[in-house]
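Please examine the sequence and the model shown below before reading on. The explanation will then lead through them in order.

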Amino acid sequence: MTRPILEIRDLKVSFGSVEAVRGVSFAVERGSFTSLVGESGSGKSVTALGISGLLPVSARKEGSVLFRGRDGSEVETLALSGETLRIFRGSKVGTIFQDPGSSLNPVMRAGEQVREACVAHRSLTGAESSRRARELLGSVGIGETERVYRSYPHELSGGQRQRVMIAMALASDPELLVADEPTTALDSSTEALIVKLLDDLRRERSLSVLFITHDLGLALGRSGQVFILRAGRVEERLVRAEAFAARGAYARALLAARLAGRPPKTFLGVSDASS
Amino acid sequence: MTRNKGAGPTLSLIWLGLVAAAAVAAPLLWTESAARMDFAAVLAPPSAAHPLGTDPLGRDLLARLACGARVSVGVGVVAVGLSLLIGTFVGGAAGYFGGWRDRALMGLTDVMLCFPTLFLILAVIAVLGPGIWNVVLVIGATSWMGTARLVRAEVLSLREREFILAARAVGAGPIRILRTHLLPNALGPVLVSAVLGVATAVLLESGLSFLGLGVQPPTPSWGNLLTDGKATLGVAWWLTLFPGLVILLTALAANCIAEDLR
Amino acid sequence: MPLLEARALSKRYPGGVLALDGVSFALETGRTLGVVGESGSGKSTLARVVLRLLEPDAGQVLFEGRDITRASGRALAAFRRKAQIVFQDPFLSLDPRQRVRDILAEPLLVHRLAARPELRRRTEELLRRVELPPGLAGRFPRELSGGECQRVSIARAIATDPGVLVCDEAVSSLDAIVRVQILDLFLRLQREKNVSYVFISHDLEVVRHMSDDVLVLKDGVVCEIGPREAVLGAPTHPYTRELVAAAASKALV
């Protein structure tokens, strides 16, 4: 059995006096679709930033975020900075965010932005990068590749923008894709397609996917493992092989809070598991 | 108030506190001293007996300044109060109702803004004649435009907020919505403007009284004390310096507080 | 006779966007009409138009059989008393400068349903009905959690004992566990007082859980409307099918 591609041990992140993450530990198996589920204030986004190396310099970090490359190298990402961090971001770990509207440059055409991502970590000629950009747009399920290549972000739909973001994240062939609430701002039909895209890409490219969301149902649909985050700590780990059985009260309450499959117009009676 | 204050706001508060205390207490305690003419100490420079000196009639300047505080600051506060009342009404109605009412009220505001304030005031005083209440009225009636614009802007932005929509859904009428929901939330920036307004009003009153168009002697106001000082500028520097300093410090202090509130 | 009826409501925003195009529905007493639609479908516009918070360009709104589309004055006030709304954002729909007791007192005062001496008792009663401790009456919205704020909004909405409650994404901004607790509250209130709901949500599962009838809205047009089991169980419109399929793909392993 291979070792996990990402191993986080006792990660702590604070901003001033606010402890956003208070000791998070979990592991992402290589090639897996793993989810981190948490409500508002659980610390999931800060954890994602910590893994992607995108925390602001003012943040205080402790603990270990160990990345194991395909080539066997081990990197303590919290210790990276400057140029080494930049190379790590993008070439080993790609990140996509919740709101593609604000993550994409509004005055640059989509195709250009993907091309820029292609040349961020390797040198390609103009023709090569533009071909690769088009390939990437095609591989993320964009039908009208040419039109999208030439469009500005505001001319694209939410789903298309998110696909462009995924294309950009894949540009340097990362081994791990961190998706921080990528579907929260999308319509539910688009949401399902984007999650499926991520899963398909995982299989096609031997990617590992870390999917962060507040929607437990969405996570359960695709994941091999789900880590439930609460108040800056990992509360529980749900495993597909165990039919996502939960031990703790909070996790059980979260599972019970899903509406799918429950008879309509009946009381759900989920008790408040908060202390 | 912000946490990281420099010395400014604190000192300003202290100064304004002294002025306020003088405005309240001095006329009760010192009217006699302010009016008493000590012919033995005419045009006396600052000394132990008269810390700020005396005027040509031997009256103590400190006592007169302290009593003058009530007039000058009083005029400032009442005038600003009047301008706030007018401005809030105009701006609130314009912002909430919109449409032709908004255009009419803002048109009125713009017209008023076209007039150079000082000349307008002088013109009105020329017609109405000098005196405290006329000064208050005219300053109040010509300084409301800034408040009106501020209030209108706040109301316009607040109007679309969900809790206002909720109030409409509950069935509240425009008056209730303005009074209970919009104006209390809109008055923040107006407060800043009001404090600045007091400073401006004090300066305006001083100016008018200096020109002889405001508060008439023997009632002391900072402005007419300045006028008296002008006559004896060559021999009695303290009669000009201290009234001028007091006016300046008060205006500065009010500006400082206003900045801090912002 | 339906309690609330919409007939061919249309609304165009300045700038040309047609938010509603001929939307019709009928809501019976004690039943819930679920409105499912994505962002841009016009569902929030529908909520506001049906409650006369926004004027329709065309169409009619009927309440208790009477056309209230152009009503004003007393007739409008009477409608307001009997038809209320709960908004999406729990914090934004409460005046940040008012304490809970003043927020709850407002509908009672506006419609003259209670004299000042009674207000305290009535507001405490309302808090109890939404399962909040009476001690919360003195707090400001910023001191409450999202779930508590939403309960206050609901308490405000039921203060006048309305026959119709429009819930515009009322649970969408809540955490999962709080969400189901609020849904339970809505169901309980409906059982107690036979309130009718227009329950708007982008989340099909929420609509499925709460509704007797379902209206599917896309780009201001009604794609499908009918009893819940028919619309969600055997959808005829392709858009409805898309929504149902997307929800199904999220279902439990």
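The model is a predicted one, in which local features need pLDDT of at least 70 and side-chain atom pairs count only at pLDDT 80 or more, while totals for chains, interfaces and linings use all residues. Residues are numbered from 1 along each chain as its sequence is written, chains are lettered from A and ligands numbered from 1 in the order in which they are written, and side-chain values use heavy atoms, with hydrogens and water left out.

Contact here means heavy atoms within 4.5 Å, and 22 residues of chain C and 15 residues of chain B take part. The buried area, which is the accessible area (1.4 Å probe) that two parts lose on being put together, summed over both, is about 1,700 Å² for this pair of chains, and carbon and sulfur atoms give 55% of that area.

What joins the two chains through charged side chains is one salt bridge, a term that requires a side-chain nitrogen of Lys or Arg within 4 Å of a carboxyl oxygen of Asp or Glu. The partners are B:Arg176 and C:Glu106, with 2.6 Å from N to O. There are also 11 residue pairs in polar contact between chain C and chain B, counted with both residues at pLDDT 80 or more. A polar contact is a pair of N or O atoms within 3.5 Å; within protein, one must be able to donate a hydrogen and the other to accept it, and residues adjacent in sequence count only if both atoms are side-chain atoms.

On the side of chain C that touches chain B, β6 (83–86) and α3 (100–110) each supply at least two residues, and α3(C) gives the most, with four residues. Helices (H or I, at least four residues) and strands (E, at least two) are DSSP runs, numbered from the N terminus. By class, this side of chain C has nine nonpolar, five polar and eight charged residues. Ala, Val, Leu, Ile, Met, Phe, Trp, Tyr, Cys and Pro count as nonpolar, Asp, Glu, Lys and Arg as charged, and the others, Gly among them, as polar.

On a 1 Å grid over the protein atoms alone, a cavity is a set of points where a 1.4 Å probe fits but cannot get out, and a pocket is an open set with protein on both sides within 12 Å along at least five of seven lines; lining residues have an atom within 4 Å of a point. Grid points are joined across faces, edges and corners, and a volume is the space filled by probe spheres set on the points.

The model has three cavities of 30 Å³ or more. The largest cavity holds about 50 Å³ of space, and its lining includes A:Ala192, A:Leu218, C:Ser249 and C:Lys250. The largest share of this lining, three residues, comes from α9(A).
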